[in-house]
Each structure stands twice: as structure tokens, then as C-alpha cells.
Amino acid sequence: MSLLADLTAGAVEDAEARRAEQPLAAVEARAAAAPAPRDARAFLTPSERIKVIAEVKRASPSRGDLAAIPDPARQAGLYETGGASAISVLTEGRRFKGSLADLTAVRERVALPVLRKDFIATPYQVAEARAAGADMALLIVAALDPAALAELYALVVEWGMTPLVEAHTADEVRAAVDLGAPLIGVNARDLSDFTLDRDLFARLSEGIPSGTIRVAESAVATPDDVVRYRRDGADAVLIGEALVTGDPVRTLGAFLSATEGI
């Protein structure tokens, strides 16, 4: 089993445990009662400098523990102060040490759209994302068969959230385009084995049509990395490790100012 398949299976197992305590109908009722989701596209529309989706991320399978982040809402508030355009919250608990409670706390703190970043593979996970306050939901093409991808994409849209569809190959980009995804992310990290390909975004971004927001994910450590992605056509970058391991406000300022006029 690949690492991605293992992570997805674990996330589904954990969701099923939550479902045993709170059935889908109850979660859907909370989702329906939640404040309306923010339109992520309005915040991430291309402008004269790159947009940043700043991530609340405690750990990863590739890097281990990164930061304790005892107060995810405070971390997200620093991101907002630093100029981020959206917040990503890792809610996977086994390897990334996140939770839906983190997402809810962040949602209550910031005025930016919030992404649930997890290994979503069931309708229950989509509903609980909205119930927790998510404005966006990540769908990873490689983790889903075509029918499941289409079903979950439709559910994300039905709940009023914005799908961020993540690809790692040209075929996966085409699958995202065929869905009509408003945001397509290219992840430089192969989630099957967590190897990194820093040139992947440049190779795949040409397959993303004009009018779609292009998001570069992973391999962002310095302003030069952001500049490189910008020159390769990125409208936004998703950044986690570089922000949780340093001064997030200062780091965001350096990343954003580096792409002005590019």
C-alpha cells in the first residue's frame, strides 16, 4: 500500500469512528446551520503579486514534528496579519497531528477563507468540513477513483465550499480540468512516497486553462522559491513548514514582496 493510500484509509477509519458517535444526519444539520462559506476565489483571484495560502501544520510524514502550535487560532491570526489570502488547516490526526477542532478555532478567529486539508474520501468528511466551518475542501485526484472524485466534488460545491483539486501528473490535471475545478493545485511532493520534484509545477501548469487559479504546493522555503513558482505561472502558493518553523509575519512579508511586479 502506498503512503497516500495508507493516509487515506486511516483518515476514513477515523471519520467512521466519529460517525459512530455522530451520524451523518446530525453533521449535515450542523453544516446547514453553519455561517455561509466565504468565496475563496474572491480572495485568491490573481493580482500583481502572488497570493499565499498559509498552513497550520504541526507535523508531516516526510519531516516529522515541525511545531507544537498549541493555539492554531493565534497562528492563523499571525498569517492574516502577515498578508495571507487564505488559511489551510491540516485536520488529519495520525501523521499530521491536526483536528477538526483546529479548523473550527481558526474559522472563529480569521476573516479569510479556510481550507480543510485532509485525505477526504467520503461524503461524511465533506459534511463535517462544512460543519466545522470550512470554506474550501481539498480533493486529491490520486486518492480517489473517477466516480468518487466526481461525487465528492459535487458535494463540496453543493455545500457552498470551493474545491481545491490537487494533481501530481498531467492526467490528474486533465481530470481536475474536466471537473471544472476553479482552483487546481500541483503538489511537488508525490504523496505515494513523499519524494519531491521541484520542476513539476512548471511542467504541468500549462495544462491548467486560463481563468483557473493555479496553486503551487510544497517546496517553498525561501523567497526565491516563491519567485520561481510565480514565473512559472502560479497565482497562489500553499506554504506550511516555512511559516510554522519561523516568524510567520516576517516570512510572509518577504515572500509576498519578492513577487511584486512579476
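**Reading phi and a helix face**

Modeller: Phe194 counts as buried, with a relative accessibility of 10%. Keep in mind that this is a predicted model.

Colleague: Why does 10% relative accessibility count as buried?

Modeller: The cut-off for buried is under 20% relative accessible area, so a value of 10% falls within it.

Colleague: Where is Phe194 placed, and what is its phi?

Modeller: On phi in general, most residues other than glycine have a negative value. In this structure, Phe194 has a positive phi, near 65 degrees. Phe194 lies in the loop between β8 (183-187) and α9 (200-204).

Colleague: Now the helices. How many residues does α1 have, and how far does it reach?

Modeller: Helix α1 covers residues 3-21, which is 19 residues. From first C-alpha to last, α1 reaches 28 Å, close to the 27 Å expected at 1.5 Å a residue.

Colleague: Which residues of α1 are buried, and on which side of the helix are they?

Modeller: The general idea is that an α-helix has 3.6 residues a turn, so residues three or four places apart point the same way. In α1 the buried residues are Leu3, Leu4, Leu7, Thr8, Gly10, Ala11 and Ala15. They cover an arc of only 160 degrees around the axis, and therefore lie on the same side of α1.

Colleague: What do the buried residues of α1 pack against?

Modeller: Their packing partners are α6 (123-131) and β6 (136-140).

Technical notes. Residues are numbered from 1 along each chain as its sequence is written. This is a predicted model: local features need pLDDT of at least 70, side-chain atom pairs count only at pLDDT 80 or more; totals for chains, interfaces and linings use all residues. Side-chain values use heavy atoms; hydrogens and water are left out. Helices (H or I, at least four residues) and strands (E, at least two) are DSSP runs, numbered from the N terminus. The expected span of a helix is 1.5 Å times one less than its number of residues. Buried means under 20% relative accessible area, exposed over 50%, partly exposed in between (1.4 Å probe, protein chains only). The arc is that of the directions from the helix axis to the C-beta atoms. Contact means heavy atoms within 4.5 Å.
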